[in-house]
Amino acid sequence: MHAILTFDHYLGGGKKGSQARRKGCKLICKVCKSESPSIKTLTIHYASKHSKLTFDPKDYGFEPEEKKQKPQDKKKEAKTTKKYPTTEKIKAALTEFYKKNAPEKLDNIEKICTKYEGKWETLENALSKKFSTEVNFISMCP
Ligand SMILES: [Zn+2]
């Protein structure tokens, strides 16, 4: 950037100088033609000078950064949900539970585990209601 400025200085600046600068990597605001050295600066420029307009980086050949941030939201959701033991461990706990409470339904465990895999909290609630006892897979699994 220093080199360009010095070059302009030798040319005497003026219109020729500003045209030469436009050919560089600087970004020109499409609204008011003012220059910004980077997309960040241009974003700030839009926010302060053209706050009524929506700044679209695509107009300047930049991809919006929002897309990259989406996976982080999923991580946040995962943090709020309980950490359950593996399906195998829950299956073992369920077997013990059914032996005590409903031995005739032992054959259903495989089906139940397939149906509720990843939705263990729903299964806990359903079993708690059905057998009128508190079912907690996390405490049931060693
Ligand atoms: Zn502008």
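Two residues are in contact if their C-beta atoms, placed from the backbone, lie within 7 Å. By that rule cysteine 29, leaving aside its neighbours within four places in sequence, is in contact with Ser34, Ser36, Leu42 and His45. The model described here is predicted, and its chain has eight helices and two strands. Of the 142 residues of the chain, 6% count as buried.

**The chain as a whole**

- Read from the N terminus on, the elements of the chain follow the order α-α-β-β-α-α-α-α-α-α.

**The loop between β1 and β2**

- Cysteine 29 is found in the loop between β1, which covers residues 27-28, and β2, which covers residues 35-36.
- Cysteine 29 has 16 other C-beta atoms within 10 Å and is therefore partly exposed, a class that lies between the 12 or fewer of an exposed residue and the 20 or more of a buried one.
- Cysteine 29 and tyrosine 60 are 31 residues apart in sequence, while their C-alpha atoms are 8.9 Å apart in space.
- Lysine 33 is also found in the loop between β1 and β2, and because it has 8 other C-beta atoms within 10 Å, lysine 33 is exposed.
- The phi of lysine 33 is near 65°, which is a positive value in a residue other than glycine.
- As background to that value, most residues other than glycine have a negative phi.

**The loop between α3 and α4**

- Phenylalanine 62 lies in the loop that runs between α3 (39-49) and α4 (66-80).
- With 14 other C-beta atoms within 10 Å, phenylalanine 62 is partly exposed.
- Not counting residues up to four places away in sequence, phenylalanine 62 touches Ile39 and Pro57.
- Phenylalanine 62 and isoleucine 39 are 23 residues apart along the chain, and their C-alpha atoms are separated by 8.0 Å.

**Helices α5 and α6**

- Two packed helices are described by the angle between their axes and the distance between the axes.
- The axes of α5 and α6 come within 10 Å and cross at roughly 135°, and that angle makes α5 oblique to α6.
- The crossing in which α5 passes α6 is right-handed.
- On the α5 side of the contact stand Thr87, Ile90, Lys91, Leu94, Thr95 and Tyr98, and these meet Ile109, Ile112 and Cys113 in α6.
- Although α6 has these contacts with α5, the number of buried residues among the eight of α6 is zero, so α6 lies largely in the open.
- After α6 comes glycine 118, whose phi is positive, near 85°.

**Helix α7 and the residue that follows it**

- Helix α7 (residues 120-131) has twelve residues and reaches 16 Å from its first C-alpha to its last, which is close to the 16 Å expected at 1.5 Å a residue.
- Which residues of α7 are buried? They are Trp120, Glu124 and Leu127, and because the buried residues fall within an arc of 75° when seen down the axis of α7, they line one face of the helix.
- Serine 128 is found in helix α7 and is partly exposed, with 13 other C-beta atoms within 10 Å.
- Leaving aside its neighbours within four places in sequence, serine 128 is in contact with Thr133, Glu134 and Val135.
- Serine 132 follows α7 and has its place in the loop between α7 and α8.
- Serine 132 has a positive phi of about 50° although it is not a glycine, and with 8 other C-beta atoms within 10 Å it is exposed.

Technical notes: Residues are numbered from 1 along each chain as its sequence is written. This is a predicted model: local features need pLDDT of at least 70, side-chain atom pairs count only at pLDDT 80 or more; totals for chains, interfaces and linings use all residues. Helices (H or I, at least four residues) and strands (E, at least two) are DSSP runs, numbered from the N terminus. The expected span of a helix is 1.5 Å times one less than its number of residues. The arc is that of the directions from the helix axis to the C-beta atoms. Axes are lines fitted to C-alpha atoms, for helices over the stretch in contact, and angles run from 0 to 180 degrees between N-to-C directions. Angles under 35 degrees count as roughly parallel, over 145 as roughly antiparallel, 65 to 115 as roughly perpendicular and the rest as oblique. A crossing is left-handed if the near helix is turned anticlockwise from the far one by less than a right angle, and right-handed if clockwise.
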